[in-house]
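Below are my notes on the model, as numbered points. Please read them alongside the sequence and the coordinates.

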Amino acid sequence: MKYVTVDGDTMILSVPGNYKFTITKAIDYEVQTAYQNGCTKAVIDFSNTDTMDSASLRQLTKIYRQVNKDNFSAKNAKGLV
């Protein structure tokens, strides 16, 4: 998978460059595959992400709701909101 890696029961989402609407469909597919493989936790790694749009934020909200707040975390955020 290009954007999601699996480590045990945790999916790690890392999007290089611009996290935008045009790639959310591909990410949705990878996230669903991770769920099917038993992932119940999500880590969002922003270390290589430069920008995000509203579609990507909506997608992260969907993941947050799916795994529940105790199983969701984000790391390496940078820049301005």
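1. Buried here means under 20% relative accessible area, with exposed over 50% and partly exposed in between (1.4 Å probe, protein chains only). Strands (E, at least two residues) and helices (H or I, at least four) are DSSP runs, numbered from the N terminus.

2. This is a predicted model, in which local features need pLDDT of at least 70 and side-chain atom pairs count only at pLDDT 80 or more, while totals for chains, interfaces and linings use all residues. Residues are numbered from 1 along each chain as its sequence is written, and side-chain values use heavy atoms, with hydrogens and water left out.

3. On one side, β2 runs antiparallel to β1 (residues 4–7), joined by 4 bridges; two strands pair if DSSP finds at least two bridges between them. Val 6 has Met 11 of β2 as its bridge partner. The two strands form a hairpin with 2 residues between them, and Gly 8 in the turn has a positive phi of about 65°.

4. β2 is also joined to β4 (residues 41–45), by 5 bridges, and these two run parallel. Ile 12 stands opposite Val 43 in β4, and Ser 14 stands opposite Asp 45.

5. The open sheet has 4 strands in the order β1-β2-β4-β6, with mixed pairing. β1 and β6 (72–75) are the edge strands, each pairing on one side only.

6. Which residues touch the most other members of the largest nonpolar core? They are Met 11, Leu 13 and Ile 27, in a core of 18 residues. Such a core is a set of buried Ala, Val, Leu, Ile, Met, Phe, Trp, Tyr and Cys residues joined through side-chain atoms within 4.5 Å. β2, α1 (21–36), β4 and α2 (54–67) each give two or more residues to this core, and α1 gives the most, with 5.

7. Not counting residues up to four places away in sequence, Leu 13 touches residues including Tyr 19, Ile 27, Val 43, Leu 60 and Ile 63. Contact means heavy atoms within 4.5 Å.

8. The axes of α1 and α2 come within 9 Å and cross at roughly 15°. That makes α1 roughly parallel to α2 (angles under 35 degrees). Among the residues making the contact are Phe 21, Ile 27 and Val 31 of α1, and Ala 55, Ile 63 and Val 67 of α2.

Terms used:
Axes are lines fitted to C-alpha atoms, for helices over the stretch in contact, and angles run from 0 to 180 degrees between N-to-C directions. Angles under 35 degrees count as roughly parallel, over 145 as roughly antiparallel, 65 to 115 as roughly perpendicular and the rest as oblique.
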